[in-house]
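Subject: Structure handover

Hello,

Here is the structure I said I would pass on. Please open it next to this email and follow along; my notes come after it.

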Amino acid sequence: MNSPITQSAAEPLLKVRDLSVSFREGAKRHLIVDSVNFEVYPGQCLGILGESGSGKSMTCKAVLGLLDKNFEVKGSSIFEGGELIGANPEKLRRLRGSKISVVLQNPMSCFDPLYRIGEQMEESIAEHMNLSSKAMLNMMIDILTLMRIRDPKDVLRKYPHQLSGGMLQRIMIGLAISLDPSLIIADEPTTAIDSISQYSIMKEFVRIKQGGEVAMIFISHDLGVLSLIADKVIVMHNGRAVEKGSVQQVFDNAQDPYTHHLISQHKAVMQRFLHAIHAGRSREVSA
């Protein structure tokens, strides 16, 4: 998928160099992320691919300043010309709520079960915008409408357990883009929801990307998902970026054995799926 803004037309919005993360256990250091490098440009999506424990989520948490004092982060992460590594925690908190938005993989865990959806949306928006009650209500309705959620006024009165995982995820995405961020980081946003909701969520991310303004980092263990949205992909294994290139380059000309393994797994799954579909159609015809 081609981006409306080419790398030659803009400076990187986010430039990460030699990023390393270690976990401190007494006098010992356990290296979790090892000298990772990447750039994210305006209007483009970088996919980070890897299995559980590969270091892909840890990389983005380090960039965002979401790791506690048990972790040691080294390297550089320049966002809009400013260094994030070692930055003031309050500065990072403000960035995460405005310039950088984060969508996490388990929507149910991101909502407090004791409060209505409208109350929680209002709290999130009010932290960054000063709106009247009427303007706030209109904004929340606009967010839900944008995310194709029916009966938005009724949804605002509901509690999280009364909504599906897919609806909660769309609300999270709507909140993420409502403050007009420069960068969206989506960490496995389709993992904890059903396949129909996954398709709907991916359509929303593609629609956001096609707007051509927001940069995106999309973290996933699924090469098929990344092929729908990513312009560039880095493949992570044991804390290292073992492959980098366009989705097509990674698919067709992977150099690393681990990447070959992921691709062969993906193709095998797709072949079984297509075979099952073909077999089902054959039975329908013969019936």
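Two residues are said to touch, or be in contact, when heavy atoms of one lie within 4.5 Å of heavy atoms of the other. Please keep in mind that this is a predicted model.

As background, nonpolar side chains in soluble globular proteins tend to be buried together.

Next, the helix pair. Helix 3 covers residues 117-126 and helix 4 covers residues 133-146; their axes come within 10 Å and cross at roughly 110°. Angles of 65 to 115 degrees count as roughly perpendicular, so helix 3 is roughly perpendicular to helix 4. Which residues meet between helix 3 and helix 4? From helix 3 they are Gly118, Met121, Glu122, Ile125 and Ala126, and from helix 4 they are Met136, Met139, Met140, Ile143 and Leu144. Sorted by class, this contact of helix 3 with helix 4 has eight nonpolar residues, one polar and one charged.

Four strands form an open sheet in the order 2-1-4-5, with antiparallel pairing. Strand 2 and strand 5 (82-83) are the edge strands, each pairing on one side only. Strand 1 (residues 14-25) pairs with strand 2 (residues 28-40) over nine bridges, in the antiparallel sense. In this pair, Arg24 stands opposite Arg29 of strand 2. Strand 1 and strand 2 make a hairpin with two residues between them, and Gly26 in the turn has a positive phi of about 65°. Strand 1 also pairs with strand 4 (residues 71-79), again antiparallel, over eight bridges. Here Phe23 stands opposite Phe71 of strand 4.

Which strands does helix 1 lie across? Helix 1 (residues 56-64) lies across strand 1, strand 2 and strand 4, and runs at about 105° to strand 1.

Regards

Definitions and conventions. Residues are numbered from 1 along each chain as its sequence is written. This is a predicted model: local features need pLDDT of at least 70, side-chain atom pairs count only at pLDDT 80 or more; totals for chains, interfaces and linings use all residues. Side-chain values use heavy atoms; hydrogens and water are left out. Axes are lines fitted to C-alpha atoms, for helices over the stretch in contact, and angles run from 0 to 180 degrees between N-to-C directions. Angles under 35 degrees count as roughly parallel, over 145 as roughly antiparallel, 65 to 115 as roughly perpendicular and the rest as oblique. Ala, Val, Leu, Ile, Met, Phe, Trp, Tyr, Cys and Pro count as nonpolar, Asp, Glu, Lys and Arg as charged, and the others, Gly among them, as polar. Two strands pair if DSSP finds at least two bridges between them.
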